[in-house]
Amino acid sequence: METPVGTEGSNFRELQIVNVVASGVLGTGEIDTDVVGAELSIEKTVMPGRVYLKPEEMPPVSMVFRSGSYTIAGASSWKSVLEAVDWLYETLDDIGVDVSREKMFASASVKYLVVTGDLNTKLNLSAVVVGLGMENSEYEPEQFPAVIHSPENTDCTVLLFSTGKVTITGVGNVRKAYEVYGGIEETIKKEMLMQWAG
């Protein structure tokens, strides 16, 4: 079965998934996050209206909100998201929070992904801004060492570095990320924005 991330693994063609951010509901109404934070004996950060939880053995961070919703951040795959949801259910159930495993899993959905790729060539970033369109791109090398590009008709943001590394954030699945990546790669090749090493 294809996952919401778009692939069963952490890779898709030339792209690497580095962060999956997902959210869902706990299956209960509002919860008192201060009480939940006080009851938990694991690594946590309690802030107004929310609690951040992190298991020792897994990288994803779970955020539980007063509204009865949760967010998982830092997962590397959909499988990692589901493992974090399962861990969160067990953790909250153990301290007596009225949560529903079924609703937690059924409501889990991807908010956005962060993926990286490599164009395998050095880039002239000043030329990249012009080639991709100055109305959708910005490059302020004194402030940030990459072109920040917002492709038309998408909600994602693309960072392009002079090394050829590319980071795409804000897409809902990896196939969309690959479309964005492919479009940028094609434009860069067409506009000859690459500066070959040597």
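## Who Ile184 touches

Once the neighbours within four places in sequence are set aside, isoleucine 184 is in contact with His149, Val158 and Leu160. Keep in mind that this is a predicted model.

Isoleucine 184 sits in helix α5, which covers residues 174-191. Is isoleucine 184 buried or exposed? It's buried: its relative accessible area is 6%, and the cut-off for calling a residue buried is under 20%. As for valine 128, it is 56 residues away from isoleucine 184 along the chain, with 9.7 Å between the two C-alpha atoms.

## The largest pocket

Ile184 also turns up in the lining of the largest pocket, alongside Leu132, Asn136, His149, Pro151, Glu152, Val180, Gly183 and Thr187. So far as His149 goes, that pocket-lining residue is also one of the contacts of isoleucine 184.

Which element gives the largest share of the lining? That would be α5, with four residues. Sorted by class, the lining has four nonpolar, four polar and one charged residues. The space inside the pocket is about 170 Å³.

## The chain as a whole

Zooming out, the protein chain has five helices and eleven strands. Of its 198 residues, 42% are buried, and isoleucine 184 is one of the buried ones.

If you take contacts between residues at least 6 apart in sequence, 60% of them join residues at least 24 apart. The accessible surface of the chain is about 10400 Å², and carbon and sulfur atoms account for 48% of that.

Notes. Residues are numbered from 1 along each chain as its sequence is written. This is a predicted model: local features need pLDDT of at least 70, side-chain atom pairs count only at pLDDT 80 or more; totals for chains, interfaces and linings use all residues. Side-chain values use heavy atoms; hydrogens and water are left out. Helices (H or I, at least four residues) and strands (E, at least two) are DSSP runs, numbered from the N terminus. Buried means under 20% relative accessible area, exposed over 50%, partly exposed in between (1.4 Å probe, protein chains only). Contact means heavy atoms within 4.5 Å. Accessible areas come from the Shrake-Rupley method with a 1.4 Å probe; for residues, only the protein chains shown count as cover. On a 1 Å grid over the protein atoms alone, a cavity is a set of points where a 1.4 Å probe fits but cannot get out, and a pocket is an open set with protein on both sides within 12 Å along at least five of seven lines; lining residues have an atom within 4 Å of a point. Grid points are joined across faces, edges and corners, and a volume is the space filled by probe spheres set on the points. Ala, Val, Leu, Ile, Met, Phe, Trp, Tyr, Cys and Pro count as nonpolar, Asp, Glu, Lys and Arg as charged, and the others, Gly among them, as polar.
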